Amino acid sequence: MSRYTDFYQRSLSDPDAFWSEQAKLVDWNTQPDQICDNSNPPFSRWFVGGKLNLCHNAIDRHLPARSDQPALIAVSTETDTEQVYSFAQLHREVQRMAASFRALGVKKGDRILIYMPMVAEAAFAMLACVRIGAIHSVVFGGFAAGSLASRIEDAAPVLVVSADGGSRGGKAVAYKPLLDEAMRLSRHKPEAVLLIDRGLAPLPLVAGRDHLWRDLRKEHLDAQVPCEWVDSTHPSYTLYTSGTTGKPKGVQRDTGGYCVALAASMQHIFDAHPGETYFATSDIGWVVGHSYIIYGPLIAGMATIMYEGLPIRPDGGIWWQLVEKYKVTVMFSAPTAIRVLKKQDAAYLKAYDLSSLRALFLAGEPLDEPTAQWISDGLGKPIIDNYWQTETGWPILTICNGVEKAPSKFGSPGKAVYGYKVKLLDDQTGEELAEPNQKGVVAIEGPLPPGCMQTVWRDDERFVNTYWKSVPGKLVYSTFDWGVRDADGYFYILGRTDDVINVAGHRLGTREIEESIAAHPNIAEVAVVGVADQLKGQVAMAFAVVKDSAGLTDEAKRLKLEGEVMQLVDRDLGAVARPARVRFVHLLPKTRSGKLLRRAIQAVCEGRDPGDLTTMDDPSALQQIRDLMKA
Ligand code: AMP
C-alpha cells in the first residue's frame, strides 16, 4: 500500500484518531472533548468543547519564535508600493483595527462586511474581526452595487469596511459610489462604515456613519486587544457563492474545524513550512483568498504575499520576480492566469531564480492539458491541480504532496483528499458508481471533514435541501459537478450539473445574470449560458427576446441595446458577470411545457450536437441561435 493510500484509509477508518492528531497542529485555549458530533446530520460539529481563536493561531502564537520575521507582504503594481509587515507589526495593526471595531460598537457574533481591494488593511480587517469573535463577510471588490446590496441585506452587518477605491491596469476604480448605492438599495442599513483612504478616488463621507481608518488608527495606536476565545463551532465567517437560484448563498464556516483543516493542509497538501513564503495570486473576495492568502499560510507561520495588480504588468515576469525576491516556496494560482501568461514571452519564466519554488498549485476551474504542459515545461516544477469549492474551504481532490510525492496526471486534479469520502453517483437513481470510468455526480458522504461549510447563513433548511441527498442508509453532499474516476483513483471533473458557470475561475450563477438583464425595460425574456472560451475557460452568452423589436433590424441600434444591457449587468453585478455578447432573438428554445432548453443553447453555441430535441416546441428558435453563432 502506498504511503498516501494508508494515510487516506486511516482518515476514513478512524476519523476521531486521525483528526485528534491533526488538532495538535493548532493552539487551543481549551482542548476539545469530542472530535466530531454527528448526532444531527448533516449538521456535524467538529472539536466540540474546544475553545480557540483564529487570529491567535495566525499571529500571536508565532510571536515568541518569529516576531521579526515577515508575515504579510503587500505588493501593489498598481500603486507601485511594497510593504512588509513582520508578525509583530501585523499584531499591532490588527489590534488597532480590532480596537477601532470595538469603538464602532462591534461585539462578538456581529457581522462585519469587508468590501476591499487587495491591500494590507483588508487582511488587518479580517484578522481583527476573528480576533474579537465577530464574523466577517468579504465581498469581492469587483462586484457592483446590486451584488453588494444583496449580501449586506443577508449578512446584516453592523459595520462595513471599505476603501475609496482600487486600481486595475493602472486605472483607479472608485468603490465608494458603489458602496453608497448598495447601502441605499439594501433594506438593512449598517450603522457604521470604516474607510481606508488610498488617495485613489474621491471619498465623500456621510456624517455620523462614515469614519476614516486613518483617524481611528491614530486613536488606537497602542491598543492591546486580547483574543476572544470562542467555541470551536463559533462561526468565523460567511462567504457568498452562486448556485442555481438567483439569490447567492452565505456559506458559513466554523472556527476550530477550519483552523485544523487549514493547518493540516499546509503540511499534507502543500508541504509548506514555517519561515517560508507562500504566494497565492487569488483575491480575498474568493475562498482561495481566505484559506490560502490569509489564514493557511499565517497559521503555518509563513509569510504570505498579497498582490494587487495584473500578472502582466509591468510585464509578464512580475510574479516570477516576486518568487525570486521573497524566496517563495509554494505558489497557488488559477489556470486562467496561466493562460494569460502563456500569451507572453516564455523567456519570462527563465529570467528569474526560481530555485526556492517547490510546486505550483492551480485551482478554481478545469486545468487544460496544453496549459499544464506549458507551465510545467517553463518552470520545470511540479504543477498540482486541486479541486474544491467555496463550500468546502480546502481541497477535495489533489495530490497530497506533503504525504507522498505521487505523480500528477494532466487533466486530472488527482485523488480524493484525506477526510473526504468522495463518491460518484448516478444522477437518476442516486446509486454509487463503483466501477472505474463511469460518469456521475461528484458527491461526498457525510459527515464532511473539518473546515467545510457548517450551514447556509441563517438558512439551515436551504443547506439541507440544496446540498444533501439521502441515498440508501447515508446522507451525501452533492458538489454539483460531473466527474469520472479512473482505475488508479484519479478523478476528472467534467463541468457543472447546475446553472453555474465558471468565468476565469469566477463562479457565477446564470440566473443572477438573467435577473439583471431582465430588468432592462425593453427585454421580455432572456437566457444566459456558459460557452467554452480559450482564455477564460467559459464566458457568459446572453440570448434575449425584446419587447419592442421595431428598429432592431438596424445593426447600430442592436449594438446600442447590447451595450445598454452590458452596462446594466456591470452596474448591478459587476464587469465579471458581463456577457461576452448579448444576441437578440424572436423566441427562446423551450420545451412544449415551457422549460428553457439551456443545455441545447449551450451545445449549439459550442458547435456540439444538442441531443434529443423531441420535446422542443418550435425548432426555429434554436435554428436562429445556430445562424447567429455562424454569422
Ligand atoms: P468556487 O466555489 O468559486 O471555488 O467554485 C467551485 C467550482 O469551480 C467547482 O464546483 C468546480 O465546478 C470548479 N472547479 C474548482 N476547481 C476545479 C478544478 N481543479 N478542476 C475543475 N473544476 C474546478
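Guide: Two strands are said to pair if DSSP finds at least two bridges between them; strands themselves (E, at least two residues) are DSSP runs, as are helices (H or I, at least four), and both are numbered from the N terminus. The model is predicted, so local features need pLDDT of at least 70 and side-chain atom pairs count only at pLDDT 80 or more, whereas totals for chains, interfaces and linings use all residues. Residues are numbered from 1 along each chain as its sequence is written, and side-chain values use heavy atoms, with hydrogens and water left out.

The sheet to follow is an open one of eight strands, with the order E12-E11-E8-E6-E7-E14-E15-E25 and mixed pairing. Its edge strands are E12 (residues 210-212) and E25 (residues 455-456), each of which pairs on one side only. Strands of a sheet pair through backbone hydrogen bonds, either parallel or antiparallel.

Consider E8 and E11, which stand side by side in that order. Strand E8 covers residues 159-163 and strand E11 residues 192-196; five bridges hold this pair in the parallel sense. Within the pair, Ala163 is placed opposite Ile196 of E11.

Further along the order, E14 lies between E7 and E15. Strand E7 (residues 135-140) runs parallel to E14, and two bridges join them. Here His136 faces Tyr237 of E14. On the E15 side, E14 is joined to strand E15 (residues 249-253) by five bridges, and these two strands run antiparallel.

A residue is called buried when it has under 20% relative accessible area, exposed when it has over 50%, and partly exposed in between, with a 1.4 Å probe and protein chains only. Five of the five residues of E14 (residues 237-241) are buried, so this strand is largely enclosed by the rest of the structure. In a regular strand the side chains alternate between the two faces of the sheet. In E14, Tyr237, Leu239 and Thr241 lie on one side, while Thr238 and Tyr240 lie on the other. These residues are all buried, and both faces of E14 are therefore covered.
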